[in-house]
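Take a look at the structure shown here.

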Amino acid sequence: MSDANTPNSPPNKAAILAIILISYVMIVLDISVVLTGLPKIHSELGFTDAGLAWVSSAYTLTFGGFLLLGARAGDILGRRRMFVVGMTIFTVASVAIGASQSSAWMLSWRAIQGLGSAILAPTTLALLQTTFDEGEERVRAVSLYSAAAGVSATVGLVVGGLLADWLSWRVGFLINLPIGIATVVASRIYIHETSKRPGAFDLPGAVASTLGMAAFVYGFIRSAQAGWDVVTLATLLAAVIMLGAFVLIERRARQPILPLRLFADIERSGAYGARVLYISAMVGFFFFTTLYLQQVAGLRPALAGLAFVPATMLHVPFAIVVPRLIRRFGRNAILIVGMLIGIVAMAWLSRAGVGSNYWTAVALPMVLIGISQGLTLSPLTSSGVARVNHADAGAASGAVNVAHQIGSSVGLSILIAVAAIGSDGLSGAGLTAYRVSHAFDAGTVMLVATLLISFLTIVPAARRQLQSQEDVAPTECAA
């Protein structure tokens with residue numbers, strides 16, 4: 001029997017891609033699978049109304065905060081080794097969450113699960129980048145990776161609602177056990193270990209970034225509950241100070257978790273900023289649409305989950321054909337069209353209110369949301385790792401994922417704060433409808449800003465790259 005793990009043997013790219021996609025589906029799924037099950041979690045574990053928000057935040061904050069450290073660990077200790085470590089932590093934490101008997105227990109293990117994801121996510125993207133050759137092969141792999149991310153977010157809402165109504169919200173976490181074991185075994189068979197490289201871990205940088213983001217999330221969520229008082233403003237100021245300290249630490253660190261040279265390329269910098277804003281709007285779509293469907297439209301969790309199906313109908317088909325569309329129309333055109341469709345969809349959703357028809361006010365713009373995600377996420381991912389050498393592959397993939405998690409946590413907290421403005425005196429379905437509408441208005445503004453950033457950074461850089469390739473080609477022919 002041949003050893004698929006021997007360094008000299010050619011990699012089984014299909015098997016590696018399957019391992020990467022399954023792992024990333026698990027990560028993203030656990031961000032959204034709890035949303036439609038929150039009412040059941042609230043009653044079973046005795047959460048307070050305010051504490052319930054941390055079911056998601058405990059996961060996304062440790063996920064986003066330690067992503068860069070996880071990426072560096074893969075570079076230094078070997079990517080297969082860290083894949084196994086990350087998946088093991090994630091799987092054990094999933095089982096512990098499924099067995100939760102108290103809110104404190106659940107939040108503790110949600111944070112640990114986020115740590116496992118922080119190791120796992122950048123490792124999967126780095127493996128994708130180093131396994132598949134640059135060009136059409138990598139574009140196709142990145143397209144499937146991006147499709148997995150977008151679809152998993154929506155599928156998690158559907159599955160979470162069905163499980164909460166028919167079985168238990170706990171099943172969504174317990175099912176990770178057999179899948180986690182299978183991927184660990186498969187990784188040891190099919191993934192070649194990368195060589196260890198000398199290096200140091202930038203723990204101060206990881207702590208500063210995590211505390212800074214946590215303070216931002218707490219400050220904005222608190223503003224929605226207590227207003228812009230001294231404590232809220234002090235918390236946000238502390239967040240700015242911690243993130244400023246993070247930048248200084250990275251400038252002076254011998255081996256920073258986020259090499260600032262990544263931002264020397266304007267396309268990569270633009271892609272990170274655009275991703276933060278785009279994901280902020282899209283996570284806001286999932287969060288606030290869930291509230292609208294259950295608290296305004298009056299749907300049960302199972303039906304609320306199924307009501308998200310229109311968002312997935314065209315997401316996968318469009319994500320799969322993105323490589324072909326890019327070859328025909330160019331990456332810039334696909335990116336811009338995807339963002340424009342997202343702007344139209346978000347503005348349309350903002351018109352939904354009490355008594356609105358589901359099909360015209362929610363389902364149809366959901367279809368456009370799915371198309372937008374299918375067209376946009378793959379080009380943004382490609383731009384985020386453009387022209388990165390293998391030594392920085394882990395750091396670049398970590399930066400892409402950090403941008404994603406900043407949008408998921410800090411971005412969502414900003415939308416929650418904006419949604420609460422001017423809602424005094426409202427109650428019940430009218431209050432929820434008001435907040436949902438204002439959140440989608442803010443999400444529309446975020447998508448417009450995403451489009452502007454892309455026009456100013458990604459599009460010009462890609463044009464210059466294409467022009468330089470065209471200039472080189474005649475020279476090579478003449479030679």
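## Overall build

A residue is called buried when its relative accessible area is under 20%, exposed when that area is over 50%, and partly exposed in between (1.4 Å probe, protein chains only). Of the 479 residues of the protein, 57% count as buried. This is a predicted model, where local features need pLDDT of at least 70 and side-chain atom pairs count only at pLDDT 80 or more, while totals for chains, interfaces and linings use all residues. Residues are numbered from 1 along each chain as its sequence is written, and side-chain values use heavy atoms, with hydrogens and water left out.

The protein has 18 helices and 0 strands. Both are DSSP runs numbered from the N terminus: helices are H or I with at least four residues, and strands are E with at least two. Contact means heavy atoms within 4.5 Å. Among contacts with a separation of 6 or more, 84% join residues 24 or more positions apart.

## Two nonpolar cores

A nonpolar core is a set of buried Ala, Val, Leu, Ile, Met, Phe, Trp, Tyr and Cys residues joined through side-chain atoms within 4.5 Å. The largest one has 72 residues. Ile-41, Met-106, Phe-285, Phe-288, Phe-308 and Met-346 have the most contacts inside this core. Helix 11 (residues 266-296) gives the most to it, with 13 residues.

What does Met-346 touch, leaving aside its neighbours within four places in sequence? Its contacts are Ala-281, Met-282, Phe-285, Ile-369, Phe-440, Gly-443, Thr-444 and Leu-447. A second, separate core holds 47 residues, including Phe-63, Leu-127, Val-142 and Val-184.

Ser-117 is found in helix 5 (residues 103-131). Its relative accessibility is 0%, so Ser-117 counts as buried. Beyond four places in sequence, Ser-117 is in contact with Ile-27, Tyr-59, Phe-63, Leu-67, Phe-90 and Pro-122. Ser-117 and Gly-70 are 47 residues apart in sequence, with their C-alpha atoms 8.8 Å apart in space.

Thr-91 sits in helix 4 (residues 79-98). Is Thr-91 buried or exposed? Thr-91 is buried, because its relative accessible area is 7%. Not counting residues up to four places away in sequence, Thr-91 touches Asn-176, Leu-177 and Gly-180.

## The surface

Accessible areas come from the Shrake-Rupley method with a 1.4 Å probe; for residues, only the protein chains shown count as cover. The accessible surface of the protein comes to about 19300 Å². Carbon and sulfur atoms account for 68% of that surface.

Patches are made of residues with over 30% relative accessible area and no salt bridge; like charges are joined within 9 Å, and nonpolar side chains (Val, Leu, Ile, Met, Phe, Trp, Tyr) within 5 Å. One nonpolar patch is formed by Leu-303, Leu-306, Val-309, Met-313 and Leu-314. Together they have about 410 Å² of accessible area. Leu-303 lies in helix 12 (residues 301-306) and is partly exposed, at 48% relative accessible area.

## A kinked helix

Helix 14 (residues 315-329) has a kink of about 50° at Val-322, shortly before the proline Pro-323. The bend at a residue is the angle between axes fitted to the seven residues ending there and the seven starting there. His-315, Ala-319, Val-322, Pro-323 and Ile-326 are the buried residues of helix 14. Gly-330 follows this helix, and its phi is positive, near 95°.

## Salt bridges

Side chains of opposite charge can pair when their charged atoms come close. A salt bridge is a side-chain nitrogen of Lys or Arg within 4 Å of a carboxyl oxygen of Asp or Glu. The count comes to 5 salt bridges. One of them joins Asp-229 to Arg-222, with the closest N and O atoms 2.7 Å apart. Asp-229 is partly exposed at 26%, and Arg-222 is buried at 19% relative accessibility.

Arg-331 pairs with Glu-267, with the closest N and O atoms 2.4 Å apart. This pair links distant parts of the chain: Arg-331 is in helix 15 (residues 331-349) and Glu-267 in helix 11, 64 residues apart. Arg-331 is partly exposed at 25% relative accessibility, whereas Glu-267 is buried at 0%. Arg-351 and Asp-441 also meet in a salt bridge (3.0 Å, N to O). Arg-351 lies in the loop between helix 15 and helix 16 (358-384) and Asp-441 in helix 18 (residues 428-478), so the pair ties together parts 90 residues apart in sequence. Arg-351 counts as exposed at 56% relative accessibility, and Asp-441 as partly exposed at 30%.
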